[in-house]
Amino acid sequence: MNFTSDVVIGLEIHVQLNTVTKLFCRCPTVAQEPNSATCPVCLGHPGSKPVLNKVALEKSTMIALAIGCAINPSMQFSRKTYFYPDMSKNYQITQFELPLAEHGNVTLDDGKVVRVKRVHMEEDPAALVHQGSADYTLVDYNRSGMPLVEIVTEPDMTTPDEAREFIKKLMHIISYLKVFDDANGIIKADANVSIKESGYTRVEIKNITGAKEIERALIVEVQRQHGSIKSGENIVQETRGWDPAVGMTRSQRKKETEDDYGYIIDPDLPTITMSKDRVEQLRALVPELGGEKATRLTQQYKIDAVDASVMAKERELGELFERVAQHVDPVLAARWMRRELRRALAAAGKDVSEVDEKLLVELLQLIDKKTITDRIGQRLVDRLVQEGISPAKVVKEEGLAAVSDESAITTVVKQVVDANPAVVAQYKAGEEKAFNFLVGQSMKALKGKGSPAVINKILKVVLG
Amino acid sequence: MIELRRYVKEVSQGEHDVVDIARKALASAKSIDKEHAYFNTFADERFIEEANAKPKGRLAGVAISVKDCVCVKGVESTAGSDILRGYKPLFDATAVERVWKQGGMIIGKTSQDEFGFGGFSVNIGKGYRVPKNPFDTNRSCGGSSGGAAGMTRKAEFPHLAIGESTGGSITCPAAFCGVVGFCPTYGRVSRWGLIDYANSLDKIGSMAKNVRDAALLIEVMAGSDPQDSTCSDLPVEQFSTVDGDIKGLRVGIIKEAFGEGVDPAVAESVKNATRELEAKGAIIKEISLPLNAKYGIPTYYLIAMCEASTNLAKYGGMRYGAHEKLEGDFNTYFTKVRTAHFGDEAKRRLMLGTFARMAGYRDAYYLRALKLRSALIDEYKSAFKGVDVLASPTMPMVAPTFDEISKLTPLQNYMADILTVGPNVAGLPHISVPVSPAHRMPVGIQLVADHFKESTLVRTGVNLE
Ligand SMILES: [Zn+2]
């Protein structure tokens, strides 16, 4: 390849799917005790055979479709053979010659396209649990056979920052598809990094966990390579490990040749054929993704760009917004949902899915028609989220309707002015703060039911 | 001796003391085993327990011997390898479970070449015994299901054997021991619980004293199984009871199987058998399968060894089977266990199989063998447009003596499979039926039918009994 940039980065990202069972057996993917979620298949017992989890295949296909890949009409699993204590069979079932999908891409904010070379499924090995300074290591087979999707990019990124953005975009897509457990799921990456000064000698960094760590490891590695060149050393083709505790990469293995895993087609798993119809059915399940959706929302509903980007990012909120917008002014709905509803949900520790759509519409209509003031509206959002109250009913029962009668407001304002001669004097001496204080007092006296705009207007008249 | 299917019926009607029969059968099998080494393990406890449980079903009260590579829950199952010593599976193979549900009683695990790596049952694991031919103890039983075939010949009690074939491991020993060996279509019987040799070739089958009994056992074991992705969903035909009408049946004599390298006395016995078929109304044709003759052996061995070398990777003394003292790093440990507990032929196939799938050689060997395999299947498929069944000797010779075997080079050893590898590579159902002996030793005719046409084999085979 003809590289020209100062730094060249390619990523292999492993995402753990949130299926209920493992990739090739019926063991649960969530377990408490070590080695409790195991069976003859994931323990590699003689005579056991893998059977593909169809849901994992569907979820992987959706990821591949969401990043614009072409799904291979027929695909196979292969055995990647190497000896390691975390491997129950000393081969890993993965995809080699015929992966799930190929040729996708992810567009970064500045319009740069990062090409995705391939997407394939594979099983996770068991976890090695090191015992401090002890001279032995334990193996937890709960992880053995967990479903992973690997996304391999072309070496298209030129800065650690781009790599971080790519991962962020990818994670956004995956969490949007609901195929990944945001709370407990793990994302891991291998990165290959090279710099111009070394003639782009490829160094691979293995096993970095988490998006932030990936960027950090890349920054450190680029610095290390530049430092080596400056001090007259050569960069060699090698595999390095990332140690997050010290923030350093460490050489693991020099590579004279490419790894040789002696791949064969896994004869226990027949070729999978994916019909065009099936691909289209799955494509229909792939929701509109963040970027496109934000653009559409601004155009279709004329809502604020920031509101639109939040609605696009948070899939369920966005879906609720589009339903609510059928009944309420979309601009008002978007603003209230982004600011007030999200604030109230966060405070109550609740999820968008718990919001009663009808009650929300009811509340937003009250606000829209100025039946209640924004202040009362804010309080009612909280009560709606926490207690599920009917806003219309509460407004009626508790007399929370905005005081629209200007003479009533004038009466209250006059009382406030009479009661605070010292503040009025300050106002007259040119202190703006004093005016705000009087507005606040009037609001308080009206129990939040007076519109601040009306109070402002009347107060100015009263004060002369 | 009582006819097996009549016995099963009588057992179901409570006419036999099955426990007593089982005790005597076990004692008899043990005494046969002393001289002939047909068993790696006896399942005494399970066998008598099953007899006590008043067996019912299509195999009620029949002693079933199981080739060691097929898992039997709680009974040591090692595929004849020292590296699996002490391994007691946590589950029954699907085939075993189905047999047991139909009243079959598991008597023990029969001897074999280690992991199925051989045709004479002499490539046994360290510390195992070589099974002896029931007609002449200086001769081989054939392999790799040697113990199964020998026991089937010698058993004087109602008995059927579960065998397994990868490249001829059912029909070869059946021919050498003078019994019927029946290997169904690939995918007809679930492989769940079969300790893998080469997964794309392995098939569980049966051995019996006659064709219909062998067919009955296949019928019981066959059918879809969600635990084996390669197992067929096609409904199971009741082929054990098909008629024996072969009027107009087209039998293709494989030209290449009667020429050079085939004992003329063996060829003559088999020719005579085809004449018998002709006398009963079959139409005999000559068919040439040049691709199979030329590429059958290399295609089989390359695919089998590549797959085997990955299957055997898991045996490293970590969770089951043979262990060694924990010393050094994991590489040292795995090497120590594998060096100490694999036999020579297992090591040879591991090395050849690993070599043939490594970068640089993969295209020339492994991938080429896969392509050849398709060509070989195509050759059979076009042959079946003109004939219903193919016939040849099962083995090119009668059972050799151990002395003769010891003088064979590995390549000569592999070449002995020349007639059996074809249907195995193509996944075609095939059966070996005893015909008239040669040199006072048994000879088998091998009949091959198209995929899932097991019934054609039964229909043809019963005419030779
Ligand atoms: Zn499992």
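**The zinc site, aromatic pairs and chain interface**

With a relative accessibility of 6%, A:Cys27 counts as buried, because this value lies under the 20% cut-off. The structure described here is a predicted model, and the values that follow were computed from its atoms. A:Cys42 has a relative accessible area of 3% and is therefore buried as well. Both cysteines take part in the metal site, where the zinc ion is coordinated through the SG atoms of A:Cys25, A:Cys27, A:Cys39 and A:Cys42, at 2.3 to 2.4 Å. The angles subtended by the four donor atoms around the zinc ion run from 101 to 114°, which makes the arrangement tetrahedral. For comparison, the ideal angle for four tetrahedral donors is 109.5 degrees. Along the sequence, the donor residues of the zinc ion follow the spacing C-x1-C-x11-C-x2-C. A:Cys27 and A:Cys42 both lie in the loop between strand E1 (7-16) and helix H1 (54-66) of chain A, so the pair ties together parts that are 15 residues apart in sequence.

Aromatic side chains were examined next. A pair of aromatic rings is described by the distance of the centres and the angle of the planes. Over all chains, the count comes to 25 aromatic pairs. In one of these pairs, the ring centres of A:Tyr261 and A:Tyr263 are 6.0 Å apart and the ring planes stand at 75°, so the pair is edge-to-face. A:Tyr261 counts as buried at 19% relative accessibility, and A:Tyr263 is buried with a relative accessible area of 14%. In chain B, the rings of B:Phe330 and B:Phe334 have centres 6.0 Å apart and planes at 65°, so this pair is edge-to-face. These two phenylalanines, B:Phe330 and B:Phe334, both belong to helix H10 (residues 330-341) of chain B, where they are four residues apart, or about one turn of the helix. B:Phe330 counts as partly exposed at 27% relative accessibility, whereas B:Phe334 counts as buried at 4%. Ring pairs also link a cluster in chain B, made up of B:Tyr87, B:Phe115, B:Phe117, B:Tyr197, B:Tyr315, B:Tyr320 and B:Phe342.

Lysine side chains are also found over aromatic rings in chain B. B:Lys30 lies over the face of B:Phe42, at 5.5 Å from the ring centre, while B:Lys271 lies over the face of B:Phe258, at 4.4 Å from the ring centre.

Between the two chains, 35 residues of chain A are in contact with 39 residues of chain B. The area buried between chain A and chain B is about 3000 Å², and carbon and sulfur atoms give 60% of that area. Of the area that chain A buries against chain B, 21% is supplied by A:Pro46, A:Lys49 and A:Phe83, more than by any other three residues.

Finally, the backbone was considered. Most residues other than glycine have a negative phi, and most peptide bonds are trans. The peptide bond from B:Gly143 to B:Ser144, however, is cis, with omega near 5°, and B:Ser144 is placed in the loop between strand E3 (105-110) and helix H5 (146-154) of chain B. A:Asn90, although not a glycine, has a positive phi of about 60°; A:Asn90 is found in the loop between strand E4 (78-81) and strand E5 (91-94) of chain A and counts as buried at 2% relative accessibility. A:Lys370, a residue other than glycine, has a positive phi near 60° and lies in the loop between helix H9 (357-368) and helix H10 (374-387) of chain A. With a relative accessible area of 65%, A:Lys370 is exposed, whereas A:Asn90 is buried.

Technical notes
Residues numbered from 1 in each chain as written. Chains lettered and ligands numbered in written order. Predicted model: local features only at pLDDT ≥ 70, side-chain atom pairs only at ≥ 80, totals over all residues. Heavy atoms only, no water. Donors = N, O, S within 2.8 Å, 3.2 Å for Na, K, Ca; no water. Tetrahedral: all angles 85-135°; square planar, octahedral: opposite > 155°, others 65-115°. Buried < 20%, exposed > 50% of the residue type's maximum accessible area, 1.4 Å probe, protein only. Phe/Tyr/Trp six-rings, centres within 6.5 Å; stacked < 30°, edge-to-face > 60°. Lys NZ or Arg CZ within 6 Å of the ring centre and 35° of its normal. Contact = heavy atoms within 4.5 Å. Buried area = accessible area lost by both parts, 1.4 Å probe.
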